[in-house]
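Please prepare a short briefing on this structure for a reader who has not seen it before.

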Amino acid sequence: MDIGMIGLGRMGANMAQRLLRGGHRVTGFDPNADARNALAAHGAGTADSLAALVAALPAPRVLWLMVPAGAVTDGTVDALQPLLAAGDTLIDGGNSNYKDTLRRAAACATRGIGYVDCGTSGGVWGLEQGYSLMIGGDAALIERLRPLFETLAPGKERGWGHVGPVGAGHFTKMVHNGIEYGLMQAYAEGFSILAHKQEFALDLPQVAQIWRDGSVVRSWLLDLTAAALGKNPRLDGIAPWVDDSGEGRWTVAEAIDLDVPAPVITASLIERLRSRDKDSFADKLLAAMRNEFGGHAMRKA
């Protein structure tokens, strides 16, 4: 199958390589010429513009977007629509908000352009191990695209599925990432407790390795945690700043809208926000209040 890959960052380039290995014909576009050249070295075709990419693909065209969510995805979809024809398909494999996906799909439908949202998980390991794909869209269209999903997934019948209508794929991936926040926070807190029990002088890399086999808390995230601790047991040189890319916020907002309690995911999001406040006004005010009502000592900055 011929496919156009838009966005040749690390994940997009790796997905393109996996498709090439599976016998598909890939033509890639990225504004960065170095990224295009790197993909060409693996046997893919390349194009230096969206128009050239569309022209290089046989109809009906299939284009897979791996670009940042938000304005970049909007701009790419808007630029592609007048270049495409009825029967062509856009697949958004990024972490778009499902509400944006619904809007984009509706706009494409007026031109007869199919729209598929594919929540994609696997990170840098997906090239070798395959990607988890949560797919939303028209059932007949997704069945036609089955060879692509089977190639990208860990197996033909494993790690991917059609989860519902358009929007459902990105909604499912959003919740997936919210769960990820909670899992990561639990591991981080647990290992922090271990690290602070100084009289036991626990070997954290050793503990992580023990838990990887037979334990009920074993997981891929624990495997990655063990790898990180093995490289840098004291986490030297790492700032205690944790970013977020939006999906946790969206998950918490949806939980509130749906009246679903999600305390773990919400708390893990708040902790990420807290990690960025190095001059906390709230903590200063707490200290001041304790001093006011109880005369408790305050530490000077």
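Among the contacts in the protein with a separation of 6 or more, 64% are between residues 24 or more positions apart; contact means heavy atoms within 4.5 Å. The model is predicted, with local features needing pLDDT of at least 70 and side-chain atom pairs counted only at pLDDT 80 or more, whereas totals for chains, interfaces and linings use all residues. Residues are numbered from 1 along each chain as its sequence is written, and side-chain values use heavy atoms, leaving out hydrogens and water.

**Overall build**

- The protein has 14 helices and eight strands, which are DSSP runs numbered from the N terminus (helices: H or I, at least four residues; strands: E, at least two).
- The C-alpha trace spans about 75 × 40 × 35 Å along its principal axes.
- Of the 301 residues, 42% count as buried; buried means under 20% relative accessible area, exposed over 50%, and partly exposed in between, with a 1.4 Å probe and protein chains only.
- The accessible surface comes to about 16100 Å², and carbon and sulfur atoms hold 58% of that area; such areas come from the Shrake-Rupley method with a 1.4 Å probe, and for residues only the protein chains shown count as cover.

**Nonpolar cores**

- In soluble globular proteins, nonpolar side chains tend to be buried together.
- The largest nonpolar core has 29 residues, of which M5, W64 and F149 touch the most other members; a nonpolar core is a set of buried Ala, Val, Leu, Ile, Met, Phe, Trp, Tyr and Cys residues joined through side-chain atoms within 4.5 Å.
- Elements that each supply at least two residues of this core include β1 (2–6), β4 (62–65), β6 (114–121) and α8 (146–152).
- Helix α1 gives the most to this core, with four residues.
- Another core, of 18 residues, lies apart from it, with L53, V54, L57 and L80 among its members.
- Not counting residues up to four places away in sequence, M5 touches G12, M15, A16, L19, V26, T27, G28, F29, W64 and M66.

**Second largest pocket**

- About 200 Å³ of space lies in this pocket. On a 1 Å grid over the protein atoms alone, a pocket is an open set of points where a 1.4 Å probe fits, with protein on both sides within 12 Å along at least five of seven lines. The volume is the space filled by probe spheres set on the points, which are joined across faces, edges and corners.
- Its lining residues, those with an atom within 4 Å of a point, are D283, K284, A287, M298, R299, K300 and A301.
- By class, the lining has three nonpolar, no polar and four charged residues.

**Backbone features**

- A cis peptide bond with omega of about -10° joins A59 and P60, and P60 is found in the loop between α3 (50–56) and β4.
- A201, although not a glycine, has a positive phi of about 45°. It is placed in the loop between α9 (168–196) and α10 (204–211), and A201 counts as exposed because its relative accessibility is 65%.
- L235 also has a positive phi, of about 55°, although it is not a glycine. This residue lies in the loop between α11 (220–231) and α12 (247–257), and L235 counts as partly exposed because its relative accessibility is 41%.

**Residue L273**

- L273 lies in helix α13 (residues 263–274) and is partly exposed, at 34% relative accessibility.
- L273 touches D244 and R249, not counting residues up to four places away in sequence.
- L273 and V216 are 57 residues apart along the chain, and their C-alpha atoms are separated by 29 Å.

Definitions and conventions:
Nonpolar A, V, L, I, M, F, W, Y, C, P; charged D, E, K, R; others polar.
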